[in-house]
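Trainee: Could we go through this protein together, slowly? I am still learning how to read a model.

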Amino acid sequence: MYYSRHPTVKWAQRSDEVFITVELPDAQNVKLKLEPEGKFYFSATAGAEKIPYEVDIDLFDKIDVDNSEYSASSRHICYLVKKAESKWWDRLLKQGGKSPSFLKVDWDKWIDEDEENEQDAKPVSDMDFGDVDFSKLNMGGGDNGLGFDTAGDDDEDESDSEDEDSEEASSGIELDAKDSVDGNVNEAPDTKA
């Protein structure tokens with residue numbers, strides 16, 4: 001019997017959203033649950049031994065579950081979590097103190113609060129969001145009512161390789177009626193202790 005492990009989770013924020021990336025190659029049986037009060041739960045198995053991974057964190061503040069979205073690849077799962085209020089969070093997690101070792105800052109997506117106004121002045125096409133493929137985020141919302149893409153939409157996936165297509169199709173990403181998403185997920189760390 002295996003005990004759950006924590007995958008590496010990266011995070012970055014803007015005033016109105018948080019980017020959470022769970023790094024877990026070839027994740028299967030992925031489950032995600034988002035709750036309005038800021039609960040973020042992720043679980044999956046990975047590897048030939050089907051080792052269980054889990055992340056259960058309370059985000060700093062409330063979130064807008066209906067407008068939050070995700071994108072999954074063979075290497076990681078990216079979440080675009082909308083904040084309930086447009087304001088900068090002091091940290092990712094509600095509890096203070098030292099951050100868990102599996103949480104890390106995503107410096108590829110990070111901008112400082114004072115830089116956001118400069119970024120807002122730029123056209124969106126000039127903004128660099130690192131390796132997030134927003135075409136997979138189904139920005140128009142999905143049939144599931146939460147704006148998350150579901151496994152049944154893999155036919156429209158425009159992955160860079162056929163391997164990613166087959167891995168994503170087998171990942172079993174689903175959504176349940178309690179504001180949760182089942183799929184491949186990666187987590188992000190907290191920057192402040």
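Mentor: We will talk about confidence, then a pair of strands, then some charged side chains.

Trainee: What is the mean pLDDT of the protein?

Mentor: Keep in mind that this is a predicted model. The mean pLDDT is 73, and 59% of the residues reach 70 or more. Over residues 123-128 the pLDDT is below 50, and that stretch has two contacts in the model beyond near neighbours in sequence. Residues 137-193 also have a pLDDT below 50, although this stretch makes 183 contacts beyond near neighbours in sequence.

Trainee: Okay, on to the strands. Is strand 6 buried or exposed, and why?

Mentor: Strand 6 covers residues 63-72, and because seven of its 10 residues are buried, the strand is largely enclosed by the rest of the structure.

Trainee: Which strand does strand 6 pair with, and how many bridges join them?

Mentor: Its partner is strand 7, residues 76-83, which runs antiparallel to strand 6 and is joined to it by six bridges.

Trainee: Where in the chain are aspartate 61 and lysine 87?

Mentor: Aspartate 61 lies in the loop between strand 5 and strand 6, whereas lysine 87 lies in the loop between strand 7 and strand 8, so the pair links distant parts of the chain, 26 residues apart.

Trainee: Which other charged side chains pair up, for instance with lysine 109?

Mentor: Lysine 109 forms a salt bridge with aspartate 106, at 2.9 Å from N to O, and both of these residues are buried. Lysine 33 forms a salt bridge with glutamate 35, where the closest N and O atoms are 3.3 Å apart, and lysine 33 is partly exposed at 27% relative accessibility.

Trainee: Which residues are linked in a network of salt bridges?

Mentor: Those are Asp16, Glu17 and Lys82, which are linked to one another in a network of salt bridges.

Key
Residues are numbered from 1 along each chain as its sequence is written. This is a predicted model: local features need pLDDT of at least 70, side-chain atom pairs count only at pLDDT 80 or more; totals for chains, interfaces and linings use all residues. Side-chain values use heavy atoms; hydrogens and water are left out. pLDDT is the predictor's confidence in each residue, from 0 to 100. Contact means heavy atoms within 4.5 Å. Buried means under 20% relative accessible area, exposed over 50%, partly exposed in between (1.4 Å probe, protein chains only). Helices (H or I, at least four residues) and strands (E, at least two) are DSSP runs, numbered from the N terminus. Two strands pair if DSSP finds at least two bridges between them. A salt bridge is a side-chain nitrogen of Lys or Arg within 4 Å of a carboxyl oxygen of Asp or Glu.
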